[in-house]
Amino acid sequence: MAKLTHEDILAYLEEATILELNDLVKAIEEKFDVTAAAPVAVVAGGDAAADAAPANVTVTLTDVGATKVAVIKAVREITGLGLVDAKGLVDKVPAEIKKDIPAEEGAKIKEQLEAAGATVEVK
């Protein structure tokens with residue numbers, strides 16, 4: 001069996017879809033009995049600001065803006081959808097892009113879509 005070089009691995013990671021990367025992470029977790037989840041600190045007594053923040057959010061595309069093609073590309077990257085399905089989702093504004101995801105992930109998706117020219121709501 002040939003060994004992959006560092007460059008080969010990075011090249012694959014750059015080309016892989018979100019779904020393929022997700023499958024890879026799951027396979028690594030199972031094979032090596034590890035988890036990719038970040039550790040979470042718990043504060044005794046709770047923090048009022050942290051308690052007020054929602055645990056999970058929904059990211060909704062509210063406006064495509066002037067750069068529809070860039071938004072479609074971003075939606076494809078975020079969702080792993082094909083071109084036709086991503087375009088269909090973008091054409092149905094307002095459209096849920098991701099539902100019931102961690103707030104941190106929602107913020108990253110919002111940033112990515114706004115960088116493509118879209119208007120996004122995270123609730």
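**Note on the predicted model: salt bridges, core and surface patch**

1. K110 and E114 both sit in helix α6, 4 residues apart, which is about one turn of the helix, where helices are DSSP runs of H or I with at least four residues and strands are runs of E with at least two, numbered from the N terminus. The two side chains form a salt bridge whose closest N and O atoms are 3.9 Å apart, the term being used for a side-chain nitrogen of Lys or Arg within 4 Å of a carboxyl oxygen of Asp or Glu. K110 is partly exposed at 29% relative accessibility, and E114 is partly exposed at 39%; here buried means under 20% relative accessible area, exposed over 50%, and partly exposed in between, with a 1.4 Å probe and protein chains only.

2. This is a predicted model, in which local features need pLDDT of at least 70 and side-chain atom pairs count only at pLDDT 80 or more, while totals for chains, interfaces and linings use all residues. Residues are numbered from 1 along each chain as its sequence is written, and side-chain values use heavy atoms, with hydrogens and water left out.

3. The count of salt bridges comes to 5, and K68, K87 and D91 are linked in a network of them. D91 meets K68 at 2.5 Å, N to O; because D91 lies in helix α5 and K68 in helix α4, the pair ties together parts that are 23 residues apart in sequence. D91 also forms a salt bridge with K87, with the closest N and O atoms 2.7 Å apart, and these two residues both lie in helix α5, 4 residues apart. D91 is partly exposed at 39%, as are K68 at 34% and K87 at 38%.

4. The largest nonpolar core has 20 residues, and V59, L61, V71 and L113 are among those with the most contacts inside it; such a core is a set of buried Ala, Val, Leu, Ile, Met, Phe, Trp, Tyr and Cys residues joined through side-chain atoms within 4.5 Å. β1, α4, α5, β2 and α6 each supply at least two residues of this core, and its largest share, 5 residues, comes from α4. Beyond its neighbours within four places in sequence, L113 is in contact (heavy atoms within 4.5 Å) with residues including V59, V75, I97 and V120.
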